[in-house]
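Please keep the sequence and the model in view while reading.

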Amino acid sequence: MILRNFLNFIIQFLENLNQQFRKIYLNSNFYDKKISKIHNEEFVYKPSPHLLSSLINYQTSKINVDNISTENLWDNENINNNNFKRLNNFYWFFTLDLKSSKKNTQKIISDWIEKNYKYNSNSWEFDLTSKRIIAWLSNHSLTIEQADKNYLEIFNGMIQKQTNHLIGEINHSKNTNDKIIGCAAIILVGLSYKDEKKYLSYGLSLLKKICNSEFDNYGFTKSRSIKQLIFYLKYFILIREWFKEALVEVPDFINETIFYLGQGYAFTWQNIKSDILMNGNNISNNLEFDHYLKRFTYKFKNENKEFGGYAILHDKKIALVMDVGEPPSINSSNEYQSGSLSFEIISDGKKLISNCGYYTGNNEKLKELSKSTATHNTLILDDNSSCKFKKINKNFLLKDGLKVLKKNIVFEKNYWKISASHDGYNKKYSAIHERDIEYYPEQFKFVGTDKVTIKKTNLNLKFDIRFHLEPNVKLMKTQDNKAVFIELEDEGWKFTCNNFNIDIDNGLYFGNKNSYSQNQNIFISGIINNNSENIVWQLNKI
């Protein structure tokens, strides 16, 4: 233990030392001279701003730049971090009225360049720089048209200088999402400027490496994050549309990647039209993305019952979802949640049983809580999660994972079943958790069996099984404590468990991004005294 701590100290010390040297290097005149090597090439491709509508929320009421005070726009030192990022990534340019003064718009850019001509760690942050390049080029009708020669030289030079910076920094970025945006920016510059093939070939080469490292053999994200899969799909489609609009042949690997990511999107969203709150996911605006896909004639299809570690069975009325996959590798586990064998039920488009979601705000305690097994609809032993996490640089990464030992999926007209087990409690308690969820469509009846098998004896292990609900769902327990009634808008459901105690508890819901609210959950609790214990519960529509 002492040796391990000493080695960790040495590694951390060397990493900090390297960061300090790199900071000095990036702020040096040598680095500024290096990234200032540009070519005065012709601007040949002007990307349409509407291609980014899947990534940017366009405002219905446009802003006229003439109503913005350009004086001291970049000198406000009291601006908070979020507003600073919004201002410096220039995505707000997409909300400008095209009738705005081109002269005033170009003055805003000129003033920014004058203040930020050399690298600084704030306004040249990697993702800000990537988005700024995309925003400047995509809003060319305001940023370039009718500009004088001197402005164009400065503008084109700064585009290429920032792109050179991205190329130098992209391998140092640890955030894969930022790398994707960086690749997109580099590729766009390569398409936009005549003979800038070095940008195009570099961006495509790096994008291909990301495909090889981030996707499994079926094209699903290795992180098992649905949110990340959709993020990748949006950017790959954006890049493909740029190629098509620029009349440049689309690389085969981009078409193939979109096909496989599209299968994942069809499976986890389009088939059921509901957000699965597992492994980093939140409530989304995917319906708007569906309209975008339809407008650009993208159609995806996936009729599998299991994909990406998720089992989904559904008809026109009911959808049953279960996490039957294994955890990702440590490096891909930033948003993984310890919810193995957790499930959700969607009834007529409404969440009947829902996991709590993933907390994306700055409160580390809430983020850690949202990764716990207790925030999922599955079994918890002795108040412990089935996976353990360790905190590394404000991120909670996987420390001890688990293996899914067996799984079986049955989907027939009058009978559904998802069955799986995992060994997440084996190391500490010599226990295996096995779950069967059966559904009888004609009766609108779910029967769940949670089986705990323990090798050791006389452990008297405490267990809980949680069944979380969305904040708007109402619960009422019967006087004999034998059942709980669930009011789901115009539907009623009855939850029962004959052999163990049923109760109602309050909890936290993280389904909406960057926020939390109170919700309720039904929970079964008890003590396991036998080597094999079956906890049977039912959920019936009334």
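K407 and E306 join their side chains in a salt bridge, at 2.6 Å from N to O; a salt bridge here is a side-chain nitrogen of Lys or Arg within 4 Å of a carboxyl oxygen of Asp or Glu. K407 belongs to strand β9 (residues 404-412) and E306 to strand β1 (residues 306-307), so the pair ties together parts 101 residues apart in sequence. Helices (H or I, at least four residues) and strands (E, at least two) are DSSP runs, numbered from the N terminus. K407 is partly exposed at 42% relative accessibility, and E306 is partly exposed at 30%. Buried means under 20% relative accessible area, exposed over 50%, and partly exposed in between, with a 1.4 Å probe and protein chains only.

The model is predicted: local features need pLDDT of at least 70 and side-chain atom pairs count only at pLDDT 80 or more, while totals for chains, interfaces and linings use all residues. Residues are numbered from 1 along each chain as its sequence is written, and side-chain values use heavy atoms, with hydrogens and water left out.

Side chains of opposite charge can pair when their charged atoms come close. By the rule above, the count comes to 23 salt bridges. One of them joins E125 and K85, at 3.7 Å from N to O. This pair links distant parts of the chain, 40 residues apart, with E125 in the loop between α4 and α5 (126-138) and K85 in helix α3. E125 is partly exposed at 29%, and K85 is partly exposed at 28%. Another salt bridge is formed by K273 and D290, whose closest N and O atoms are 2.7 Å apart. Here K273 sits in the loop between α11 (252-270) and α12 (286-295), and D290 sits in helix α12, 17 residues apart. K273 is partly exposed at 42%, whereas D290 is buried at 11%. Salt bridges also link D348, K350, D490 and E491 in a network.

Which residues have the most contacts inside the largest nonpolar core? They are F90, F236, W242 and I254, in a core of 97 residues. Helix α10 (residues 226-245) gives the most to this core, with 13 residues. A nonpolar core is a set of buried Ala, Val, Leu, Ile, Met, Phe, Trp, Tyr and Cys residues joined through side-chain atoms within 4.5 Å. Leaving aside neighbours within four places in sequence, F236 is in contact (heavy atoms within 4.5 Å) with residues including I180, L207, F215, I254 and L261. Apart from this core lies another, of 46 residues, among them I353, F446, L475 and I524.

Most residues other than glycine have a negative phi. F90 has a positive phi near 65°; F90 lies in the loop between α3 (81-89) and α4 (102-115) and is buried, at 0% relative accessibility. E489 also has a positive phi, of about 55°, although it is not a glycine. E489 is in the loop between β15 (483-488) and β16 (491-496) and is exposed, at 56%.

Two further residues complete the tour. N506, in strand β17 (residues 501-509), is exposed at 54%. N506 and N519 are 13 residues apart in sequence and 5.9 Å apart in space, C-alpha to C-alpha. S372, in the loop between α13 (364-370) and β6 (379-381), counts as buried because its relative accessibility is 13%. Not counting residues up to four places away in sequence, S372 touches S338 and S385.
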